[in-house]
2 protein chains.
Amino acid sequence: MNPSEIIQKKRDGHELSTHEIDSFIHGLQNGNVADYQASAWLMAIYFQGMSPAETAALTESMLNSGKRIDLSDIPGPKVDKHSTGGVGDKVSLILAPLAAACGLVVPMMAGRGLGHSGGTLDKLEAISGFRVNLSEAEYKRILKEIGCAIIGQSKDIVPADKKLYAIRDVTGTVECIPLIVGSILSKKLAEGTEGLILDVKVGNGAFMQTKTQARQLAQALIRVARKTGMNCRAVLTDMNQPLGYSAGNSLEVIESIELLQYGKCKRPDLSCTDLKEVTLHLCARMLETGGLVKNLTEGRKRAQEKLADGTAWKIFQEMVSAQGGDLKNILEPETLPLAPQKIEFRAPKRGFISKMETTGIGQLVLEMGGGRKKSSDTIDHGVGLLFHKKLGASVRPGDLVVTAYAKEDANSEELIASLSQKISISQTRKPLPKLIVDTIE
Amino acid sequence: MNPSEIIQKKRDGHELSTHEIDSFIHGLQNGNVADYQASAWLMAIYFQGMSPAETAALTESMLNSGKRIDLSDIPGPKVDKHSTGGVGDKVSLILAPLAAACGLVVPMMAGRGLGHSGGTLDKLEAISGFRVNLSEAEYKRILKEIGCAIIGQSKDIVPADKKLYAIRDVTGTVECIPLIVGSILSKKLAEGTEGLILDVKVGNGAFMQTKTQARQLAQALIRVARKTGMNCRAVLTDMNQPLGYSAGNSLEVIESIELLQYGKCKRPDLSCTDLKEVTLHLCARMLETGGLVKNLTEGRKRAQEKLADGTAWKIFQEMVSAQGGDLKNILEPETLPLAPQKIEFRAPKRGFISKMETTGIGQLVLEMGGGRKKSSDTIDHGVGLLFHKKLGASVRPGDLVVTAYAKEDANSEELIASLSQKISISQTRKPLPKLIVDTIE
């Protein structure tokens, strides 16, 4: 295997064999492929793409770089969900216990936030004591006893992805479908799931800004997932505004708890209808994929029941407890860390909320201290935004639009100016984006 | 300066500013840009290209990574020649002393062979004691006293090129015009020359196989050379067969000595007419560029005189002597190292030499031990090939076509089989390729 020849072959637009891809990924692990050869190869892939067969080979090679967890001794269908990332996307916190309440085993290996997009692990770590690093034995015990666990990737899960991602992150090769597919699916295969529902976000807060791009990614993911033996469907959901009423780690845990505990928001000036809708829809798809229901309608009905009767809420508490989280934070969410300074952004004029620059809003949360620019940054779980008005809402001058929870030294004028640039008010009400955009099977 | 953003900007096809290119090259030197970022950037340049302004900025940044030799205290116009590389291309050995004999100062910083293409330094090192690593003071003294010197690049000349080339060599980014231009011109600017004649080889033994590619490279080189203040012209010359009658280090020195000493070959069964023609043409162009003659005709006349009257031959001896070479090797060329086994390839049938696979012939010399696959390989100066017949020659069965000088353990049958595959004999005489293909001013 000559790495240079494999780079040139891809550079010239030829299809690489499974053996070539395998030896390149293997070489990256054992030092036969230098990092600078990997990055040149990744850039060549960026320009020339990869066929479904190549992408499947890449996925399998990445998977084989580490350990694959075997969940076959745990009874019940194992189905996970993966989101391509958005702002205010706290679906996993509700969905994992809800799907478990409906009878699925949900082995959820989640990620951390990077850039404008939040991470499930960071949200859970707002809960005091919550451990995302479990041993394989603990992980399997919790899955067996409770039905769901949300953990981080251990070192021995897809080490090739860690190496490749670290390179991609600083070499302009993140935005590349086959590389995204390989990264997502290798980890999902490693965690031991049999089925996977993909929540591909689309809109101005999503990685994929257009439906066409989102569909391409979804199709590539499904095609390759099936080649690797995973049962996979994708749902395209809207990300033209933050999902639910909050963005920021503690705030999102609070919103999730409310939805799990009451099935809705407690405060009348906030709404999490969209969050609930997306969660129920994804849960129904998961149940269908796991073979527990005949169709989507039945799945949705089961999910609604298990949310309403408190089973999901109970499982959430059990999961938090099993993963070392302080139940007090859950039962009294006001004990979660919250930033000290409340800053209000009020409507400057009458009209309708017509646009929310969602990526910009996510970046604002990041700037406030709630996210990471680089993976070594630490997070302030207490900062975040509450959205009192969402797309389509009518506002009068002075109406509260956003409450920001900011650090003591935050500049309130700057923050308000920044929000006013990101949230547009128009004279006429614009049509709302569809929440469930499409389903790709 | 964020290297990742500069990579992305180039990846997306935008023009980089001089400052961005400069800070990237500078960052590569001081460690702010990682090797794996450089290789991703190089691959992005491979796909997106570089404008003349970008290429000029790259050239200047590379130049500024090291030392620039100042030859302004040496009287006379300084003009150098650079060849893009071919098989049997020993022009520099004759041209440097010839141009010096005509009144130019020729500061020639040359390279080593890599792959199928030979290197001037390797040829000169067939001469016992010849030193290509001179101090700047020695280099300048020899230029002042003798008028020409042929040396290697010292460590402090364009260190950025050494780093970039080492990366390009193993990441599939060698064949990229702006990178080639930057590499060539930064070194030529650093050696202190004012004028430059480019010998862009074109044909099946050249880096650029078609006239279109060769013209593109020549135009890019001239455009950028002028932007950096260098007086530059390009001549496209044929490389559809080895130049002259030999390929291999000692054999090429012998051929060069014959041409310098007698103005032709001594043996009637060998011919170096094409080598002489290319050398005289390039010399005339150099004289014209240096302002020593009014036009090409006058230049050619002066070159012919200085070759015929022995001045060039005398200067060659002086240069060899000044650079530590053993004059005995020059005055009695049979003392140069020659491989012990002579293998003859004879015409298997009647006809005309219709094709010589020149890259393959260069690779054969390499395989025989006369070249390098990687830069750390050592060279056997004694191996090589003599071409008794060249393109268009008529042959009868049994006529001697090639004499190979091979190592003791070389397999003669394999070597003959290899030559018979690379040299085609056809029933009809095909038109000969034009030797001087084009001139780009």
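Tutor: Two strands pair if DSSP finds at least two bridges between them. Helices (H or I, at least four residues) and strands (E, at least two) are themselves DSSP runs, numbered from the N terminus. Before we start, note that this is a predicted model, where local features need pLDDT of at least 70, side-chain atom pairs count only at pLDDT 80 or more, and totals for chains, interfaces and linings use all residues. Residues are numbered from 1 along each chain as its sequence is written, chains are lettered from A and ligands numbered from 1 in the order in which they are written, and side-chain values use heavy atoms, with hydrogens and water left out.

Student: How do I read strand pairing, and in which sense do β9 and β11 of chain B pair?

Tutor: Strands of a sheet pair through backbone hydrogen bonds, either parallel or antiparallel. Here, β9 (residues 384–387) and β11 (residues 400–406) of chain B are antiparallel, with four bridges. Within this pair, Leu386(B) has Thr403(B) of β11(B) as its bridge partner.

Student: What packs on the sheet?

Tutor: Helix α16 (residues 358–370) of chain B does, touching β6, β9 and β11 of chain B (contact means heavy atoms within 4.5 Å). The direction of α16 makes about 140° with that of β9(B); axes are lines fitted to C-alpha atoms, for helices over the stretch in contact, and angles run from 0 to 180 degrees between N-to-C directions. Helix α17 (residues 412–422) of chain B also packs on the sheet, touching β7, β9 and β11 of chain B, and its direction makes about 40° with that of β7(B).

Student: What is the order of the strands in this open sheet?

Tutor: The four strands run β6-β9-β11-β7 in chain B, with antiparallel pairing. Because β6 (246–247) and β7 (341–346) stand at the edges with a single partner strand each, one side of each is left without a neighbour in the sheet.

Student: Now for burial: is Thr120(A) buried or exposed?

Tutor: Buried means under 20% relative accessible area, exposed over 50%, and partly exposed in between (1.4 Å probe, protein chains only). Thr120(A) has 12%, so it is buried. This residue lies in helix α6 (residues 120–124) of chain A, and its contacts beyond four places in sequence include Ser92(A) and Ile150(A). By contrast, Lys301(B), in helix α13 (residues 296–308) of chain B, is exposed at 54%.

Student: Which residues of helix α8 of chain A are buried?

Tutor: In α8 (residues 159–169), they are Ala160(A), Asp161(A), Leu164(A), Ile167(A) and Arg168(A). They fall within an arc of 135° seen down the axis, so they line one face of the helix; the arc is that of the directions from the helix axis to the C-beta atoms. Their cover includes α9 (177–191) of chain A and α3 (35–48) of chain B.

Student: Where is Val158(A)?

Tutor: Look in the loop between β3 (148–151) and α8 of chain A. Val158(A) has a positive phi of about 40° although it is not a glycine, and it counts as buried at 0% relative accessibility.

Student: Finally, how are the two chains related?

Tutor: Two copies of a chain are related by a rotation about an axis and a shift along it. Here a rotation of 180° with 0.1 Å of shift superposes chain A on chain B (RMSD 0.1 Å). That is the relation of a two-fold axis. Copies are superposed by least squares on the C-alpha atoms of residues with pLDDT of at least 70 in both. In chain A, Tyr36(A) comes closest to the rotation axis, at 1.8 Å (C-alpha).
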